[in-house]
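Open the model in your viewer and keep the selection tool ready.

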Amino acid sequence: MQPQTKETLSAAGININDGLERFMGNEALLTRFLKRFLEDSNYRTLLHAVSAGDQKQAMAASHTLKGICGNLSMTALFDLLTQQVQLLRAGDWASACSLMPQISASYQMAVEAIKNI
């Protein structure tokens, strides 16, 4: 992986060194799974659930997306989703929803960085 690519991904909240460790140093495999992230529908599901007030669906989508981000070492987004899941579990819908602008910004940064690899 080129140093510029690593910098771009790191700036988007993706811990490349951790990701490579998870993927046993296989850059091609990590890249393939990062690109697969672009096809995942959980972010769109989360947006829809929040706008519809569907707490159960929001919890499922946020929790699943959190797991995917954790596995891909997308630490910035993972941390935000971890907070959201905790708030949803605690029944604090308003606070969980208030994280959506930050989650959306982090998600968009990650997506743009991944598109450029």
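How close do the axes of H3 and H8 come, and at what angle do they cross? Before you look, note that this is a predicted model, where local features need pLDDT of at least 70, side-chain atom pairs count only at pLDDT 80 or more, and totals for chains, interfaces and linings use all residues. Residues are numbered from 1 along each chain as its sequence is written, and side-chain values use heavy atoms, with hydrogens and water left out.

**Stop 1: H3 and H8**

Select residues 27-37 for helix H3 and residues 100-115 for helix H8. Helices (H or I, at least four residues) are DSSP runs, numbered from the N terminus. The axes of H3 and H8 come within 9 Å and cross at roughly 130 degrees. Axes here are lines fitted to C-alpha atoms, for helices over the stretch in contact, and angles run from 0 to 180 degrees between N-to-C directions. Angles under 35 degrees count as roughly parallel, over 145 as roughly antiparallel, 65 to 115 as roughly perpendicular, and the rest as oblique. The crossing of H3 and H8 is left-handed. Left-handed means that the near helix is turned anticlockwise from the far one by less than a right angle; clockwise is right-handed.

Now show the side chains. Leu34, Lys35 and Phe37 in H3 meet Tyr107, Val111, Ile114 and Lys115 in H8. Contact means heavy atoms within 4.5 Å. This contact of H3 with H8 has five nonpolar, no polar and two charged residues. Ala, Val, Leu, Ile, Met, Phe, Trp, Tyr, Cys and Pro count as nonpolar, Asp, Glu, Lys and Arg as charged, and the others, Gly among them, as polar.

**Stop 2: the aromatic cluster**

Select Phe37, Tyr43 and Tyr107, which form one aromatic cluster. The structure holds three aromatic pairs. Rings of Phe, Tyr and Trp (its six-membered ring) pair if their centres lie within 6.5 Å; planes under 30 degrees apart count as stacked, over 60 as edge-to-face and the rest as tilted.

Take phenylalanine 37 and tyrosine 107: their pair is tilted, at 5.7 Å centre to centre and 50 degrees between the planes. Phenylalanine 37 lies in H3 and tyrosine 107 in H8, so this pair ties together parts that are 70 residues apart in sequence. Is phenylalanine 37 buried or exposed? Phenylalanine 37 is buried, at a relative accessible area of 2%. Tyrosine 107 is buried too, at 6%. Buried means under 20% relative accessible area, exposed over 50%, and partly exposed in between (1.4 Å probe, protein chains only).

Next, turn to tyrosine 43 and tyrosine 107. Their ring centres are 3.8 Å apart and their planes at 10 degrees, so the pair is stacked. Tyrosine 43 lies in helix H4 (residues 42-52), so this pair with H8 ties together parts 64 residues apart in sequence.

Stay on tyrosine 107. Leaving aside neighbours within four places in sequence, tyrosine 107 is in contact with Phe37, Asp40, Tyr43, Arg44 and Leu77.

Serine 104 counts as buried at 18% relative accessibility. Not counting residues up to four places away in sequence, serine 104 touches Tyr43 and Leu47.

**Stop 3: H5 and H6**

Select residues 55-71 for helix H5 and residues 75-89 for helix H6. Their axes come within 9 Å and cross at roughly 150 degrees. H5 and H6 are therefore roughly antiparallel to each other. The crossing of H5 and H6 is left-handed. Residues in the contact include Ala58, Met59 and Ser62 in H5, and Leu77, Phe78 and Leu81 in H6. The residues of this contact of H5 with H6 divide into nine nonpolar, five polar and two charged.

**Stop 4: the loops**

Select serine 73, in the loop between H5 and H6. Serine 73 is buried, with a relative accessible area of 2%. Its phi is near 60 degrees, a positive value in a residue other than glycine. Most residues other than glycine have a negative phi.

Which residues does asparagine 15 contact, leaving aside its neighbours within four places in sequence? Select asparagine 15 and you will find Ser73 and Thr75. Asparagine 15 sits in the loop between helix H1 (3-11) and helix H2 (16-22). At 32% relative accessibility, asparagine 15 counts as partly exposed.

Finish at methionine 24, in the loop between H2 and H3. Methionine 24 has a positive phi of about 50 degrees although it is not a glycine. Methionine 24 is exposed, with a relative accessible area of 76%.

Notes. Helices (H or I, at least four residues) and strands (E, at least two) are DSSP runs, numbered from the N terminus.
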